[in-house]
Amino acid sequence: MDTVSWLSYTFLGVFHGINPGMGWLFAVALGMQEKRRSAVIGALFPMALGHAISIAVVVFVIALAQQQLPEEVLRIACATVLFGFGVYKFFRARHPKWVGMRVNFKDLTIWSFLMASAHGAGLMLAPLLLRTPAAEASAHMHHAPASMVHNATMLLSAVGVHTLSFFVIMGIVAIIVYEVIGLALLRKAWFNLDLLWSIALMIAGVVTLFWKH
Amino acid sequence: MLQQWKPDPTFYPSPKMAIEAPAEELAYVAAPRDDGKPDAMCVVDLNEASDTYGQIINRLELGVRDEIHHFGWNACSAALCPYAPHPYVERRYLVVPALRGSHIYILDIKSDPKAPELVKTLTADEVEDRSGYTRPHTVHCGPEGIYVSALASAGSEEGPGGIFLMDHYNFNILGQWEVERGTQSLSYDFWWHLGYDIAVTSEWGYPGMIENGVSLEDLGERKFGHKIHIWDIRHRKNIQTLDLGDDYQMILELRPAHDPTKAYGFVNAVLNMNDLSSSIWTWYKDGDDWGIQKIIDIPAQAPENPDDLPPALKDIGMIPPLVTDHILSLDDRFLYVSCWGTGEMLQYDVSDPFNPKHTGTLEIGGITKSHPHPAAGPVSGGPQMVELSRDGKRLYFTNSLYVAWDNQFYPEDANGWMVKADVNPDGGLELDPDFFVGFGDSRAHQIRLQGGDSSSDTFCYS
């Protein structure tokens, strides 16, 4: 993977991290309910874990598919799913309904997994994954098990980099909102990130078709 | 449905921010009636700069003998709750159940807030088939959808009554809410402490006990509700029942603290069978359990002339206060208590929820009293459904309880009215001498203020 890929994984982590629906808002709410900053920070770890699991599932499914399907077939399939999902979300506002305000580590992890999955957070990474040529990813697969390990390491790194930037941004926003700005921000600055996401998904679909290494 | 780019401006994360909201310009008032003409949703102009201030500017007719009673919004500040955030849904539809007819009407106020349009009717059959309940009552917009309570089971008109959920995008009824109801059977109001994943429900009576007037026989046998129930929202399970004792009959309106970190609330008991007093109780979290404690007793009064008492009270010879509604200000400081029988609106400072201070009294109407309004002279009926502006400065109330009960307690004249009182920020209240909205021979029940009021929204942030 090249610099563009790494930067893109990082950027998408930032994009996911600033979305209130992905975690920081929940962390702030828990801090306010418990009246302590440590509740804000404590919530960030399970949020990041759930997000990482959701991303990893998609990443590894695509990586496996890369080895089984012709590149162009996979490319068109991913593009169609992404674009279709974006259109669906654009016209149909729906949101996961789960859990409440009394939550433990497991609840928050599952909640974050559900939110990331339902919003297609992992899918948004598809163009990046497919940009790495299948040849590079799997050509030597049956010759050298070492390259499979190398490949898996690379995918894990991608998930790691994405999750780290997600975690950092989510944490920064949560702490600033909790400590400094307050929730008046929600009324003014919370423009419809879900709608923006649906557009991002459609763009990702188009990019998947044409963005090659 | 194309989505909005910005959150609905009437959604507020916390009660503190909602207090800063602009003043209301319209009220929606349920106007049931008794004479074979259709019930109506009335719109009252509350914009002081307007020529039609304090007048009914629109009536949308609904069904005949429907008893439209309590109603609510499709969405409110609960849409900002962090675990199911969807702030781009609009506060646009009024969800109006018919407590007697069992239909649910969906009114759209978007194109002209002054002239709501009926856009969907869920018939009584649909409501009963899909929810398993009949006689829908309270509506609250929750984080996951619209919650509606109902008095009885479909078909039986007996218990259990309960709660059902509606989808807040398409108004489909999703079905019964409860998974484990325990011993709960009577039903009436519900509300919640979202910060604790706790819901609370109260108890009135089954349809047969109320629909032909309050059944004095059932009352004598103490068959009306005398408990509240505490529920775990996540598991939809009744985890505790708090019994006020069967001396107390009819436990109605639940007013939890608006601040989601506070785990207490207030509920009214209409009648103490021993002395006809009404009372206000505080429920509260007590470690892992919940408790309840009486904090205010409001005694019955002797009439000046017992001959003036309506037949239902002749043998008793006293005027019960009949506290049938109350409202808590958004700052959780003042509780306003409607004494429908004795014609009084009482204000208490409940900053300390266990030690209320009586800070104001206002008189209007009342059984045998007919205390006058400056703009209308002597009036019949008494303070009943009460609503408070978000800033806590303007209190509005109406005089109808339930058509058949109005006829029992105010048989001479049950014509509807709505009045306003101005609130002193440090305590005290007085009638606005110029504000009197007459509803003619229709009744006037619940008031909802445009953009939200002190019983329409729930907040997930303190």
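Author: In this predicted model, B:Ala269 has B:Ser279 as its bridge partner in β18(B). That pair belongs to the contact between β17(B) and strand β18 (residues 278-286) of chain B, where six bridges join the two strands in an antiparallel arrangement. The two strands form a hairpin with five residues between them, and within this hairpin B:Leu276 adopts a positive phi near 65 degrees.

β17(B) also pairs with strand β16 (residues 248-256) of chain B, again in the antiparallel sense and over six bridges. Here B:Gln249 finds its bridge partner in B:Leu271 of β17(B).

As to burial, strand β17 (residues 264-272) of chain B has nine of its nine residues buried, and it is therefore largely enclosed by the rest of the structure. In a regular strand, side chains alternate between the two faces of the sheet.

The helix is taken from chain A. Helix α10 (residues 193-210) of chain A has 18 residues, which at 1.5 Å a residue should span 26 Å; the C-alpha atoms at its ends lie 25 Å apart, in agreement with that expectation. Its buried residues are A:Asp194, A:Trp197, A:Ser198, A:Leu201, A:Ala204, A:Gly205 and A:Thr208. Viewed down the axis of α10(A), these buried residues fall within an arc of 115 degrees, so they line one face of the helix. The buried residues of α10(A) pack against α4 (71-91) and α6 (126-131) of chain A.

Note on methods
Residues are numbered from 1 along each chain as its sequence is written. Chains are lettered from A and ligands numbered from 1 in the order in which they are written. This is a predicted model: local features need pLDDT of at least 70, side-chain atom pairs count only at pLDDT 80 or more; totals for chains, interfaces and linings use all residues. A residue is buried if 20 or more other C-beta atoms lie within 10 Å of its own, exposed if 12 or fewer, and partly exposed in between; C-beta atoms are placed from the backbone. Helices (H or I, at least four residues) and strands (E, at least two) are DSSP runs, numbered from the N terminus. Two strands pair if DSSP finds at least two bridges between them. The expected span of a helix is 1.5 Å times one less than its number of residues. The arc is that of the directions from the helix axis to the C-beta atoms. Two residues are in contact if their C-beta atoms, placed from the backbone, lie within 7 Å.
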